[in-house]
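Let us walk through this structure a few places at a time. Keep the sequence beside you as you read.

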Amino acid sequence: MTQANRRPALRNELIAEPGQVTLPVRAITAQRPNLSQRVAAFFGGLSRAVFPAVVGALMVAAPAQAQEAREMTRIETRLEVQERFDPARFTEYGLFKMFWERSSTAEEGLTNQGEFELSLAGVAKLKEYALAHDLHGRADPRAEVSPAARSFVKFLLEHPHYGAFIEQNARPELQKAFGLPVDVVQPTVGQTPVKAGDLALTKGVSRHSYTELTGPLVRTLGNMFWAEYTDRRSYFEDPAVDTTEKSRRVLSLYADYVAAIRHHGQLDTTEGALDLLTERLSKTPFWAQLGQQDFNGAGWSAVESIRLGLDPNEFKVSFPNANTNTPVNYFSMDGSLAGPMAKVDLYRAAAGLAPRASAFETKTVLNFMVGEESGHKKVGTFSESRPFATSGANWGVLLFPGDREIANLKPKDGFEFPIDAIDAFGIAFNNSPAMGDRIQVVDSNKTELRVEREIQLGQDGAPVSWSARFFKPDGSEVPPNEVTGLILNNSGRVKGDGRAAANLDMSYWGYCNVNTAQGVYKASYGIPQLDAPIVRVTGGDGQIIEFTKEEAQKILDADIEGLVAMQAYAGFRFGRDPLTVRLDDGSTIVGTIEGYQHEPGRRTTRDHADVITVSATPDHPFPGTIGLTVAPGTTTRIDARLVVAIRELPEGKVEVEYKTSPGSSYNTKGTGTLTQALSFEGLPQEGEQRVYRPSHDRPLYGELAVRLPDGSTKVVPAEHVQSISGETQSDIRPSDFISMVSRMNGVYATDASKGPSISNGARHITSLETVIEHGAHRPSWVNKGALTGVYGPLVRQDGDRMLFRQGVSSSYSTFAVWHQLDAQGRIINEGWLKGEPDFLWGSVAPLDWQRPSVWNPHLPPDLRLKLLVNGVSDLAKLEALAKQLNLPAHWRELRTPE
């Protein structure tokens with residue numbers, strides 16, 4: 001290669017880089033105008049591949065002109081090297097700031113940090129900016145955009161996140177404006193699921209009837225399936241039929257058994273039963289022929305769809321009419337329905353029933369603590385030190401079991417004595433005198449006291465209330481505030497923690513489920529609002545009882561949930577139950593762990609329901625928590641995995657910097673003394689402080705503080721923990737969630753709080769969006785961090801693929817999940833990206849107007865139907881809705897004549 005030919009080649013090496021395109025060179029005017037301008041004009045239309053040969057030819061033909069061309073090339077090279085596009089500095093460039101950060105409105109066409117998508121107007125603004133500035137944002141007018149700017153735009157178009165903020169019709173115009181051929185920009189990596197056709201299954205392939213299949217325990221059905229398959233192998237493996245037919249037959253049998261398991265709704269054993277059944281299916285030789293295909297466009301296999309209770313040929317993803325914007329009555333634990341229920345008592349009386357509906361509304365919700373019927377009145381937050389005033393319950397039924405006079409009287413106003421009614425885990429337990437539960441009263445030394453009852457009489461001499469006095473064995477009296485009532489079971493065991501100083505958090509107690517059910521079921525079933533000013537219904541004796549529209553609507557709305565024949569659930573309520581900690585010496589500790597959330601880890605097994613076992617491994621022991629005593633008697637427990645740094649302070653104190661939550665970019669700090677020893681010896685100093693920064697080479701292991709049933713706390717080093725078993729907040733499988741949302745046409749309810757409190761709410765989405773990725777690429781709405789699912793951290797496998805799915809309401813993403821599928825389309829792990837609830841519920845079952853009330857057991861079911869039939873004035877409206885509402889055939893006969 002000659003010297004003349006080497007320089008242009010070197011020039012190409014300098015400016016060429018990954019992702020950069022081969023495009024015409026921009027003409028640059030050198031200091032000497034004549035030949036430079038002519039050469040620049042000539043070369044402006046040549047590609048870089050042709051450029052070296054032309055320059056070499058000129059140099060041979062005209063040495064002086066070649067020297068001038070070399071000078072021009074040197075200047076151009078210097079300028080373009082200064083403008084090299086560096087993907088690592090992508091967000092620093094002026095073009096990016098114009099595209100992303102410049103404040104704008106939708107009309108201006110720029111994104112305004114993702115509020116809008118780049119439009120055609122925005123494309124024009126980007127090109128105008130590129131013609132007036134270099135890549136770094138410095139003023140540099142030019143005739144056409146630079147190669148570096150083209151590289152930037154190509155990178156932008158292909159970017160997995162920012163590239164999504166460009167309108168579809170703006171993408172080709174952006175490429176055209178910056179001189180990018182259409183085939184230069186790589187297409188989107190992700191794919192959307194495609195139906196493989198239809199799968200024709202046969203119902204009732206099993207030789208067992210549906211009744212026979214739904215009778216046994218669900219955990220036995222997997223083995224029953226295998227026994228039937230083995231016994232009828234000649235049918236399922238019939239050589240006279242092709243492989244496709246054999247596959248269809250065994251999948252039909254599998255579907256029969258899945259239906260039998262799901263017939264019972266969600267049980268603790270449901271998931272394990274389905275796992276066993278699917279494992280047995282995988283041992284059959286022909287299941288995969290059809291079973292690994294996707295016939296409904298869900299993205300996973302037909303076997304997964306059947307397992308999840310979906311129609312293998314239908315997976316709904318569009319719900320344009322879904323909404324929960326229906327009128328609702330909001331109910332609280334205040335007994336406010338006592339008035340309307342007085343009208344219900346009139347209806348009961350007409351049928352010869354005792355008037356109990358109104359009284360039920362004013363009974364305390366805590367009556368379960370004394371074995372009585374719980375109503376709808378919340379007195380306040382329950383306190384063990386003042387159990388009578390804060391519960392509204394008659395504790396005399398446990399103090400004097402079997403005494404009917406005490407049971408029928410109210411406690412004397414102001415009478416109190418502490419009662420241990422909450423266990424060490426903060427849970428109030430059910431008690432029943434009929435089952436042998438009773439109260440034993442002791443003094444501060446745990447000496448049992450003798451209890452004497454007292455009856456207060458009214459002015460007419462009739463009993464009006466009761467109270468009690470307490471005496472030691474020597475006959476001396478003990479004041480009520482110095483005694484403790486211990487609740488014993490029928491074997492004499494103390495049910496509580498032996499103390500009476502706790503409070504029951506009732507701040508979240510309410511009827512969010514009832515309020516939510518209205519929004520979900522009114523929307524799902526199209527239940528109309530009542531519009532008749534006076535709703536007249538006929539009682540059993542022909543008497544007409546009149547309800548105002550408001551009274552009738554409240555009664556009907558309160559029991560909307562009761563009309564649903566079968567509610568479906570996904571996930572289990574988290575109740576803060578105690579965990580079982582197994583140590584490396586084989587011993588176990590049962591209690592709650594302070595500062596620790598029981599979530600899937602490196603080695604996770606799902607035991608049943610929402611119970612999982614997380615085990616330590618030699619490479620991944622439990623990190624535990626760091627105890628930081630911030631004040632005398634006040635210790636904060638910090639998850640060791642969240643600790644960023646521990647700084648040594650004078651007088652044995654430390655400053656702990658830690659993340660507010662896993663994956664958070666926000667840190668907080670706390671100062672105090674550590675509850676365990678931590679050596680700073682040999683650690684580097686930052687300023688005047690030695691700092692412990694956890695790392696792979698210097699891991700941080702803490703301890704576990706386990707609160708025991710008796711209220712005490714046991715602290716164990718985390719490295720001695722072998723496994724932890726118990727309920728997890730992350731139990732709901734995204735596939736179960738997604739399947740139910742699809743079946744419920746986008747209208748559903750969730751408990752949005754993953755903790756022990758409940759926050760039910762009506763939700764809806766208008767579409768489900770799914771992207772399939774075979775490699776490491778992720779959609780723009782998926783974070784780039786590590787993924788942890790219900791079976792622990794994501795570990796990619798040969799031949800697997802990832803499904804990323806989000807639920808969208810209009811244009812807002814309400815939740816996002818991921819599923820890892822094996823080569824045969826079966827889910828092997830899955831997890832949440834956003835919007836994870838504690839549990840989901842809803843229904844697609846027909847309404848049942850004869851189902852007993854779940855709001856008030858004394859509300860006659862037929863009255864609800866009469867309130868609807870007489871509360872909707874337009875009979876034609878009901879006629880049109882009769883099938884949808886599953887009204888009984890005789891509903892027209894329930895109209896009360898004018």
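A residue is called buried when its relative accessible area is under 20%, exposed when it is over 50%, and partly exposed in between. Keep in mind that the model is a predicted one.

Now apply that scale to a loop. Arg576 sits between strands β12 (568–570) and β13 (579–583). Is Arg576 buried or exposed, or something in between? Its relative accessible area is 41%, so Arg576 counts as partly exposed. Its backbone deserves a look too. The phi angle of Arg576 is near 60°, which is positive, and the residue is not a glycine.

Ala609 is found between β15 (603–608) and β16 (611–615). Its phi is positive as well, at about 45°, and Ala609 is not a glycine either. Its relative accessibility is 12%, so Ala609 is buried.

Next, turn to a strand. Val771 belongs to β29, which covers residues 767–773. With a relative accessible area of 18%, under the 20% limit, Val771 is therefore buried. What does Val771 touch, apart from neighbours within four places in sequence? The contacts are Gly190, Gln191, Pro779, Trp781, Met802, Leu803 and Phe804. Take Leu803 from that list. It lies 32 residues from Val771 along the chain, yet the two C-alpha atoms are separated by 5.8 Å.

Now for the helices. Start with α6 (residues 120–132) and α8 (residues 170–177). Their axes are 9 Å apart, and the packing angle is about 20°. Angles under 35 degrees count as roughly parallel, so α6 and α8 are roughly parallel. Their crossing is right-handed. Which residues meet here? From α6 come Leu120, Val123, Leu126 and Lys127; from α8 come Ala170, Glu173, Leu174 and Ala177. Sorted by class, this contact has six nonpolar residues, two charged ones and no polar ones.

Helix α8 also packs with α7, residues 147–158. These two axes come within 10 Å and cross at roughly 165°. An angle over 145 degrees counts as roughly antiparallel, so that is how α7 runs relative to α8. The crossing of α7 and α8 is left-handed. Here Val153, Leu156 and Leu157 of α7 meet Arg171, Leu174 and Gln175 of α8. By class, the contact has four nonpolar residues, one polar and one charged.

Finally, look again at Leu174 in α8. This residue meets α6, and it meets α7 too.

Conventions: Residues numbered from 1 in each chain as written. Predicted model: local features only at pLDDT ≥ 70, side-chain atom pairs only at ≥ 80, totals over all residues. Heavy atoms only, no water. Axes fitted to C-alpha atoms, helices over the stretch in contact; angles between N-to-C directions. Helix = DSSP H or I, 4+ residues; strand = E, 2+ residues; numbered from the N terminus. Parallel < 35°, antiparallel > 145°, perpendicular 65-115°, else oblique. Left-handed = near helix turned anticlockwise from the far one by under 90°. Contact = heavy atoms within 4.5 Å. Nonpolar A, V, L, I, M, F, W, Y, C, P; charged D, E, K, R; others polar. Buried < 20%, exposed > 50% of the residue type's maximum accessible area, 1.4 Å probe, protein only.
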